[in-house]
Amino acid sequence: MSGIGGTTGTSGEGDSGTGGAESRRVRVVLVDDHRMFRTGVQAEIGQTATTGVEVVGEAADVDQAVTVITATRPEVVLLDVHLPGGGGVEVLRRCAPFMAAAENPVRFLALSVSDAAEDVIGVIRGGARGYVTKTITGADLVDSIFRVQDGDAVFSPRLAGFVLDAFASTDAPPVDEDMDRLTQREREVLRLIARGYAYKEIAKQLFISVKTVESHVSAVLRKLQLSNRHELTRWATARRLV
Amino acid sequence: MPPASPQPPQPLPSSSSASSSSSSSFASASSSLSSEPSASGASSASGSSAGTGTGPGTGPGAGTGRGGGPGAGTGTASASRSRSRPAGTAPGADEPPLRKLYRSADGRLLGGVARGLAGHLGLPVGWVRLVFLVLFLAQGLGVLLYAIFWIVVPLGVGGTPAESRPLFEVTDDGRRRLRTPDRGQTFALVALFAVGTVFVGSADFGRADTGRYIWPTLLIGAGVVLVWRQADNARRAQWASLSTDSRRRRVFQLARGLAGVALVGLGLTVFMVVRGSAAQLGNVLTAAIAVVAGVALLAGPWLVRMTQDLSDERLMRIRAQERAEVAAHVHDSVLHTLTLIQRNADDGGEVRRLARAQERELRAWLYKPQGTGKDEATGPDTLAEAVKATAAEVEDHHGVPIEVVVVGDCPLDDGLTALAQAAREAMVNAAKYGGEGGAVQVYAEVEGRTVFVSVRDRGPGFDLDAVPGDRMGVRESIFGRMERNGGTARVRSAPDGGTEVELEMERAAEA
């Protein structure tokens with residue numbers, strides 16, 4: 001998914017990439033049941049000197065993942081959605097205390113080959129801070145990891161599409177449930193993400209700062225996790241996701 | 001008999017017309033199904049052989065005399081004829097796999113046997129029911145036959161369709177009233193009543209030794225029917241809708257099953273009481289319980305293990321089947337693609353194209369929603385399908401990845417078809433001139449009446465005014481087409497390089 005971060009390269013980014021490599025380090029655990037994939041990701045992002053990403057642990061199934069995460073307490077976990085032993089959702093469930101931890105909370109970034117709606121919505125509802133597919137380039141992945149570490153949400157265009165779809169029908173009922181509703185601005189931001197814009201491009205387009213874009217996206221993610229109300233349920237049932 | 005005598009003049013014309021229609025439908029069925037003539041031939045042949053005594057007489061009669069049958073037929077003639085019919089279905093049932101005999105699951109009164117048979121034979125249901133009823137008079141043969149069919153023939157989709165009508169109907173002024181019964185049903189009820197009267201009369205309740213068995217038998221029969229239907233329902237619920245069963249319905253089913261058991265128990269008790277062995281009831285019950293307990297002790301564990309083995313086996317078989325399906329698919333598509341990729345390893349574009357196409361196909365296969373089969377042959381019906389199909393085509397043709405995000409959906413109309421074509425042109429342009437910058441992003445949204453499509457690439461971008469006037473691609477295929485169909489198109493350069501084509505159109509008013 002090339003549209004997530006700065007596709008034009010990380011060199012120009014102020015908050016990540018080579019510029020901040022000295023100051024910023026992030027400890028990452030890789031959870032994926034394919035060893036080859038882990039090796040590939042490790043090779044791509046694991047050169048700590050250049051990318052600032054330090055892979056401190058790997059796991060191949062749910063039990064291992066929980067053990068490794070408990071032992072190493074990384075800042076970011078790259079989590080595969082389909083895992084033996086219950087899947088990524090199970091890992092999220094069992095690591096919920098770490099996510100809520102006050103200091104250095106563990107943040108999860110789902111990294112999956114599937115971009116099916118049920119997978120995406122499932123792990124986001126489980127508490128993952130973002131969702132990227134495995135077609136992502138190494139530079140974008142590093143960027144996403146830093147973004148997630150900052151507490152921001154990382155949305156792929158497809159994920160933005162799902163969220164828009166989920167909230168699309170909620171404009172009509174006049175019931176006052178602000179928590180579940182996306183503001184006009186958030187919809188606009190999501191729409192641009194779905195159209196393949198990077199955060200920076202969205203900022204330029206809407207004449208707002210990148211930080212504002214990120215806070216909008218984080219708000220959407222928060223609403224998505226909180227909104228166990230009828231809209232999302234109805235949407236999911238209509239698609240036989242639940 | 002007096003209440004039945006005014007009825008025949010009325011049903012006779014209707015039954016004769018029904019016979020003509022049924023025979024014509026039978027003929028059409030036999031002409032459409034090549035196996036049908038042989039089956040009907042077998043039924044008539046076995047009919048003449050089955051009815052040993054009356055065979056020669058009823059053989060030709062079975063073919064021609066159907067119309068006048070119900071009223072005129074005496075007990076024996078109709079009995080032998082109808083006996084030939086079920087006997088004829090037995091070879092017909094296992095002969096052609098195309099049309100097996102099933103008990104009908106919907107619109108049945110008891111077990112769906114009559115309806116299933118009627119559907120199988122191409123006869124009106126009323127006739128079959130009537131035959132069973134008449135057979136019931138012949139020493140209760142109909143009941144036996146019906147029970148055998150009920151046990152042997154599986155419940156399934158078949159038989160003549162019955163439109164389900166509610167008991168109440170709503171009148172124009174909004175009041176609910178009891179539905180007026182139609183003539184056929186009234187006739188069936190009257191006939192049932194008449195036959196019942198005749199049966200009760202002929203059974204001669206005055207005589208003590210028969211009378212004391214009739215009622216317990218009827219009770220037991222009713223109970224058995226209740227329980228059997230219950231079993232049918234349980235089975236049907238397995239393959240039919242599983243979402244609709246509410247708790248109330250389950251309670252109702254339980255109550256029905258219990259009522260059936262109670263009826264059977266009551267019948268048996270009455271049986272014993274009537275036989276005068278009520279005094280030994282306690283002893284008999286104790287003995288019966290002892291026997292049942294003994295059997296349960298002996299065979300119980302074995303039975304439990306057998307059911308467990310059976311369900312295990314079924315699970316294994318389902319797994320094996322699924323695995324075989326996955327293996328077949330992987331073999332057909334993925335392995336072939338990998339072979340092609342190995343062969344074309346030097347040609348990067350071709351490899352990418354193959355990999356993308358295979359990824360898309362496998363993804364569609366893995367994550368497709370249940371129930372939507374892959375009808376690739378038929379054209380797309382909705383905007384989302386159209387956009388996705390178009391993107392896939394362009395992706396395959398130009399080897400540039402196209403990422404599609406669709407929000408909302410709506411059925412295609414003329415204007416939207418034009419929109420999809422314009423979008424296709426935009427995608428082709430983006431793939432051709434902007435493909436080096438990475439994937440082409442396609443975004444389609446249906447919001448209210450507005451349909452919006454954006455096609456974005458990250459290529460060098462181009463100036464629309466600089467395009468020579470003789471180049472018709474963008475002007476005609478995108479702008480012209482959109483304007484002709486009442487939409488708008490815009491081309492603009494995206495903030496960080498690249499080009500974005502935005503297409504917008506109002507949906508046609510819904511019919």
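I began with helix α1 of chain A and looked up its packing: the buried residues of α1(A) pack against β1 (26-31), α2 (48-51), β2 (53-59), β3 (76-79) and α7 (138-149) of chain A. The model is a predicted one, in which local features need pLDDT of at least 70, side-chain atom pairs count only at pLDDT 80 or more, and totals for chains, interfaces and linings use all residues. Residues are numbered from 1 along each chain as its sequence is written, chains are lettered from A and ligands numbered from 1 in the order in which they are written, and side-chain values use heavy atoms, with hydrogens and water left out.

I noted the terms. Helices (H or I, at least four residues) and strands (E, at least two) are DSSP runs, numbered from the N terminus. Buried means under 20% relative accessible area, exposed over 50%, and partly exposed in between (1.4 Å probe, protein chains only). Contact means heavy atoms within 4.5 Å.

**Entry 1: α1(A)**

In this helix (residues 35-45), I found A:Arg38, A:Val41 and A:Ile45 buried. They cover an arc of only 65° around the axis (taken from the directions from the helix axis to the C-beta atoms), so they are on the same side of α1(A). On the other side of α1(A), A:Arg35 and A:Met36 are exposed.

**Entry 2: chain A as a whole**

I counted 12 helices and 5 strands in chain A. Of its 242 residues, 56% are buried.

**Entry 3: α7(B) and α8(B)**

I compared helix α7 (residues 125-137) and helix α8 (residues 141-152) of chain B, whose axes come within 5 Å and cross at roughly 125°. α7(B) is therefore oblique to α8(B). The contact is made by B:Phe132, B:Leu135 and B:Phe136 of α7(B), and on α8(B) by B:Leu141, B:Gly142, B:Val143, B:Leu145, B:Tyr146 and B:Phe149.

Axes are lines fitted to C-alpha atoms, for helices over the stretch in contact, and angles run from 0 to 180 degrees between N-to-C directions. Under 35 degrees counts as roughly parallel, over 145 as roughly antiparallel, 65 to 115 as roughly perpendicular and the rest as oblique.

**Entry 4: B:Glu445**

I located B:Glu445 in strand β6 (residues 440-447) of chain B. B:Glu445 counts as buried because its relative accessibility is 5%. Beyond its neighbours within four places in sequence, B:Glu445 is in contact with A:Arg191, B:Val407, B:Thr450, B:Val451 and B:Phe452.

**Entry 5: A:Asp150**

I placed A:Asp150 in the loop between α7 and α8 (157-168) of chain A. A:Asp150 has a relative accessible area of 38%, so it is partly exposed.
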